[in-house]
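Here's a quick briefing on a predicted model, with a look at its ligand shells and part of its strand pairing. Have the structure open as you read.

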Amino acid sequence: MPGSNLVILTGAGISAESGIATFRDSDGVWAKYDLQDVATPQGFARDPAKVHEFYNMRRRQMSEVMPNAAHIALARLELEFSGDFLLVTQNIDDLHERAGSKNLIHMHGELRRALCQECDTSSLWHDDLSALSHCPVCSADGQLRPDVVWFGEMPYQMERIGEALSRCDLFVAIGTSGSVYPAAGFVEEARSAGACTVELNLKCAGWASRFSEQHEGPATEAVPAFVERILAGTG
Ligand code: NAD
Ligand code: APR
């Protein structure tokens, strides 16, 4: 069975059934907000209050939702899998860790953290952020921003992800449209390493041809079923 070195990439689709909207589906976040206003450094420089309000709203929403069966199945897989396991998420919510995942990289940052632009320290942050918030480390005023990666910024831990992809033999993408690089290029990196590549998505569209296998269905059904197959050695 392939899968002694496993890398899993998740996107907004895995949290959809917990009640968090995806970005590019018809009812998605980018249908309601202009990405340039709320997810770019330029948007933050233009109107910090608007950007804070967007992420404050998302942070409050995150505390009101729960991990679903897909998050829980991945935490179980990590616990019972015999080889190397790395979970990379593009999501900024904390549902993977609340489900019990440990070896987890938030490549696009985390809603539950604030980054100080003065001392460059990331701190846990559960309340609303505003231009009046001050850094708990250096006490600078008005320098905190959500610790999330905006368009045009460098995603986190790319070196560690690249290293895992270069020796992975099973790569699984779950609930992501594959529209945003560098995450959208991980499947090619895994293929170059000789990995079997699997997509789990509600509807496998556009980038599906890059995978050796696709399984359609809601994440809360497709992911637990896939985890059962992997752990039974028939994946
Ligand atoms: P991006 O703007 O999301 O930036 C990706 C960042 O990752 C860049 O800063 C780049 O330096 C960095 N990066 C890339 N490869 C890396 C690596 N191997 N290691 C470390 N860092 C790396 O990327 P993009 O490709 O410009 O945009 C992605 C998608 O987002 C596009 O396909 C586009 O559709 C969408 N987008 C849409 C809008 C819009 O207005 N609708 C605006 C920007 C981007
Ligand atoms: N189960 C499985 N997949 C689902 C479900 C579900 N219940 N609901 C939606 N999906 C799938 C959709 O078919 C789509 O392919 O989830 C995917 C969501 O895609 P996007 O909205 O583009 O989200 P994502 O791929 O995570 O976006 C990447 O874009 O704006 C940025 O930084 C943001 O991290 C995000 C990045």
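Which residues come nearest to ligand 2? Of the 22 around it, they are Gly 11, Gly 13, Thr 22, Phe 23 and Ser 177; a residue counts as near if its C-beta atom, placed from the backbone, lies within 6 Å.

This is a predicted model, where local features need pLDDT of at least 70 and side-chain atom pairs pLDDT 80 or more, while totals for chains, interfaces and linings use all residues. Residues are numbered from 1 along each chain as its sequence is written, with chains lettered from A and ligands numbered from 1 in the order written.

**Ligand shells**
- Around ligand 2 sit seven nonpolar, eleven polar and four charged residues (Ala, Val, Leu, Ile, Met, Phe, Trp, Tyr, Cys and Pro are nonpolar; Asp, Glu, Lys and Arg charged; the others, Gly among them, polar).
- Ligand 2 lies between domain 1 (1–20 + 67–108 + 155–235) and domain 2 (23–64 + 109–148), because both give residues to its shell; the bounds come from an automatic or database domain assignment.
- The shell around ligand 1 has eight nonpolar residues, three polar and one charged, including Phe 151, Glu 153 and Tyr 181.

**Strand S8**
- Five of the six residues of S8 (residues 196–201) are buried, so the strand is largely enclosed by the rest of the structure (buried means 20 or more other C-beta atoms within 10 Å of a residue's own, all placed from the backbone; strands are DSSP E runs of at least two residues, helices H or I runs of at least four).
- S8 pairs in parallel with S7 (residues 170–174) over five bridges, pairing taking at least two DSSP bridges.
- Four bridges join S8 to S9 (residues 213–216), also parallel.
- Val 198 has Val 172 as a bridge partner, and in S9 its partner is Glu 213.

Conventions: A residue is buried if 20 or more other C-beta atoms lie within 10 Å of its own, exposed if 12 or fewer, and partly exposed in between; C-beta atoms are placed from the backbone.
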